[in-house]
Amino acid sequence: MKAKFGILTLVVAVGGAALAIGHAYRDSPSHVKVSAIRETQTGKAEGSAVTATVTTFKPDRSAGINPQTDPAIALLANRVLPPRQRIGTDIVARIPFVERQEDLTVLEAILVDETDHDTVRNEVANLLYRSNYPRLVDCLNFVLDNPKESPRFRAFAVQHTGNILIYGEPTFRDRSLELMRRLLKDSEITVRREALLALIQAKDDSAIQTVVSWLSATGSDADVLRDLSIRCVRDLGLKDHI
């Protein structure tokens, strides 16, 4: 069955300036278009409406490998091995997507575990995205709300959420949009920046309003916010606001 959406790299260059944050994510070998791969498969994991909310969602942190776990998924979950060995080579070709709920549950546990390696968790998020995992938005929301998470991985989580917002199915896009708008007021400037760039690419009105407001920003982050806003103004054709 043809995939409803393929995985694409969220690379936004505003005014010709590439952002430094998230290079590991954007350079990931699994961030390539895989629709051609998905078309050759006989099945796919269908996305479904997600009913969990921010206040009720509880990720499955306890799922572990067992004799029935797919060997490739078991390898990803093996924390005894170094990250590169867990991920292996050409992960998109080896694991284009996952269908079995038992394996998806193992991947969810890896993604929400702030003690695991960022690179592995990033690849797991890519894999869940390729699998149209219906709980992915909730998992990313959980990561973003987790006070134990590092700013680096929270920025990765925003990028994944941005991918869903721009390229995902309508059910997921609507929920991602709500989350991204909220992140415009996040305490971490890297998170706010990634949220703004995704909303700009999605052509959301709140992005334009934020760009204009950041032009007169004050505080410790003011210079960074104004610099980004000026570049966005040029990209969006809002020069009258400078």
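Tutor: Let's start with a term: buried means under 20% relative accessible area, exposed means over 50%, and partly exposed is in between, using a 1.4 Å probe and protein chains only. By that rule, 52% of the 242 residues of the protein chain count as buried. Some ground rules: this is a predicted model, where local features need pLDDT of at least 70 and side-chain atom pairs count only at pLDDT 80 or more, while totals for chains, interfaces and linings use all residues. Residues are numbered from 1 along each chain as its sequence is written, and side-chain values use heavy atoms, with hydrogens and water left out.

Student: How many helices and strands are there in the protein chain?
Tutor: There are 13 helices and 0 strands. Both are DSSP runs numbered from the N terminus: helices are H or I with at least four residues, strands are E with at least two.

Student: Why is Cys139 called buried?
Tutor: Because its relative accessibility is 0%, Cys139 counts as buried. Cys232 gets the label too, at 1%.

Student: How many disulfides does the rule give?
Tutor: The count comes to 0. A disulfide here is a pair of cysteine sulfur atoms within 2.5 Å.

Student: What is the largest nonpolar core, and which residues have the most contacts inside it?
Tutor: The largest nonpolar core has 57 residues, and Leu76 and Leu196 have the most contacts inside it. Helix α11 (residues 189–201) gives the most to this core, with 7 residues. To belong to a nonpolar core, a residue must be a buried Ala, Val, Leu, Ile, Met, Phe, Trp, Tyr or Cys, joined to the set through side-chain atoms within 4.5 Å. As background, nonpolar side chains in soluble globular proteins tend to be buried together.

Student: Why does Leu76 count as buried?
Tutor: Leu76 has a relative accessible area of 1%, so it is buried. Leu76 sits in helix α3 (residues 71–77).

Student: What does Leu76 touch, leaving out residues up to four places away in sequence?
Tutor: Contact means heavy atoms within 4.5 Å. On that basis Leu76 touches Arg86, Ile87, Ile91, Ile95, Leu107, Ile110, Val120, Val124 and Leu127. Ile87 is 11 residues from Leu76 along the chain, and their C-alpha atoms are separated by 5.9 Å.

Student: And Leu196, with residues up to four places away not counted: what does it touch?
Tutor: Leu196 touches Leu184, Ala207, Thr210, Val211, Trp214, Leu228 and Cys232.

Student: How do you know that the buried residues of α12 line one face of the helix?
Tutor: In helix α12 (residues 205–214), the buried residues are Ser206, Ala207, Thr210, Val211 and Trp214. Seen down the axis of α12, they fall within an arc of 140°, so they line one face. The arc is that of the directions from the helix axis to the C-beta atoms. On the other side of α12, Asp205 and Gln209 are exposed.

Student: Why is Ser229 called buried?
Tutor: Its relative accessible area is 0%, so Ser229 is buried. Ser229 is in helix α13 (residues 222–236). Residues up to four places away aside, Ser229 touches Val211, Trp214 and Leu215.

Student: Is Asp116 buried or exposed?
Tutor: Asp116 counts as buried, because its relative accessibility is 7%. Asp116 is in the loop between α6 (101–111) and α7 (118–130).

Student: Which side chain makes a polar contact with the side chain of Asp116?
Tutor: That of Arg86, at 2.9 Å. A polar contact is a pair of N or O atoms within 3.5 Å; within protein, one must be able to donate a hydrogen and the other to accept it, and residues adjacent in sequence count only if both atoms are side-chain atoms. Glu114 lies in the loop between α6 and α7, and its side chain makes a polar contact with the side chain of Asn146 at 3.1 Å.
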